[in-house]
Amino acid sequence: MTTHHPSELTLTAFAAGTLSEGASHVVAAHVVGCPHCREVTAMAEATGGALLDDMPPTEMAADALELALARIDRPAPHGTSAGLVFGRRRWLAPGVWITPGKIAARGREQLYRLDVPQGRRLPRHSHEGREFVAVLQGCFVDESGLYAVGDFGEADASDDHQPTVQGDTPCVCLIWTEGPLHMRDPIGRLLQPWLGI
Amino acid sequence: MDGRALFHEPIGGRPALAAVGRRGVVSAAEDRNDGLEDGATLILAVAAGDRAAFALLFTHYAPRVKTYLLRRGAGVQRAEELAQEALLSVWRKAGQFDPLRASPGAWIFTIARNLGVDDHRRARPVADALADDPSAAPEPPAAADARLDAAERDQRLREAVRALPADQLAVVRLSFFSDKPHAEIAAELGVPLGTVKSRLRLAFVRLRAGLEDFR
Ligand SMILES: [Zn+2]
């Protein structure tokens, strides 16, 4: 049962196509399996359609339609539809693995899959900018509640949290961070250069 | 007969280019239109290979898609090319259009959006992640009266968008046309982030209320 969804602001940006690539992968991972968010997204897309219908026209080139009709039976340009591609998995700590997603990063954002074994507590941290998390497997708990498969976590720069994996399976999450993490405890700070997150 | 009235006529048997010659004349009515009168019928005709219907769709939507792409930050030349490409995608994908699921404007919006996103980053997760889902597959063509309902729903939504208070509409617009983080949108409007969030939430409450009978 999904209890944590992206904010309406985030879903609107997702539907509008204004999220960065990394952020939209994490939102998509949630929305695909969430009827509620699919409905909100469809509503936002319908709003986009209404805005498009109300858009003042900008004149096209005089031969635009002629050109289009001449090209009409050409095959579609290829190669644009790529799903998320992952790089090589890296070891972080016993049982903890990080697998970077290949994205055209904007600024210092990062997208990665994180595998954490059951019972493991991650270092307390905050972020520069936002953090999106989609739970792909297992569950974790932090100050804002329990996140199970299908849940979506959205944290702001102001949020300082310490996730702990619960249950008896490892937790796998797709995570996007807008900027670097800031570790809140000395060991985390010591480890951060090695973590690369 | 003005430019809009052309769209009320049946498509069959009319020379496709009749509307095109009028492109240069953009009346005030066109500026704030109520959508292409029978856009859904035109897209279904395009799915059957009707070039005259395509010409009408192109004439109506390409200039609007171009404006949309310009507002997203594309250069003039690129916006022209992408608007071309968007309408060619309409031709190729018309068979996937389901008038019960999306209005013509919403469907063309998602095509234009994906091209804009793609152009920006040369990879496209959003549309494909959703399109690959089997439950997103198109349903059987709608019966004519169901389509009338869909057309009324679209009309209601357009009216609800227009009726939004200016501050809410500003937030909706910025959400759609700027890829700035919401914190920057808030700074641009000179209001706290929480206000941006609550205005967007209020806007969606109003839009939903506008569609009440259709839920
Ligand atoms: Zn959801």
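Reader: Which spacing do the donors of the zinc ion follow along the chain?
Author: In this predicted model, local features need pLDDT of at least 70, side-chain atom pairs count only at pLDDT 80 or more, and totals for chains, interfaces and linings use all residues. Residues are numbered from 1 along each chain as its sequence is written, and side-chain values use heavy atoms, with hydrogens and water left out. Donors are N, O and S atoms within 2.8 Å of the metal (3.2 Å for Na, K and Ca). Along the chain, the zinc donors follow the spacing H-x24-H-x3-C-x2-C.

Reader: Which parts of chain A does the pair H5(A) and H30(A) tie together, and how many residues apart are they in sequence?
Author: Helices are DSSP runs (H or I, at least four residues) numbered from the N terminus. H5(A) lies in the segment before α1 (8–16) and H30(A) in helix α2 (residues 21–31), so the pair joins parts separated in sequence by 25 residues.

Reader: Is H30(A) buried or exposed?
Author: Buried means under 20% relative accessible area, exposed over 50%, and partly exposed in between (1.4 Å probe, protein chains only). H5(A), at 29%, is partly exposed. H30(A) has a relative accessible area of 3%, so this residue is buried.

Reader: Why is the arrangement around the zinc ion tetrahedral?
Author: Four donors count as tetrahedral if all angles lie between 85 and 135 degrees. The arrangement is tetrahedral because the four donor atoms subtend angles of 101 to 116°.

Reader: How many disulfides does the structure hold?
Author: A disulfide is a pair of cysteine sulfur atoms within 2.5 Å. The sulfur of C173(A) is 3.7 Å from that of C171(A), too far for a bond. Over all chains, the number of disulfides is zero.

Definitions and conventions
Chains lettered and ligands numbered in written order. Tetrahedral: all angles 85-135°; square planar, octahedral: opposite > 155°, others 65-115°. Helix = DSSP H or I, 4+ residues; strand = E, 2+ residues; numbered from the N terminus.
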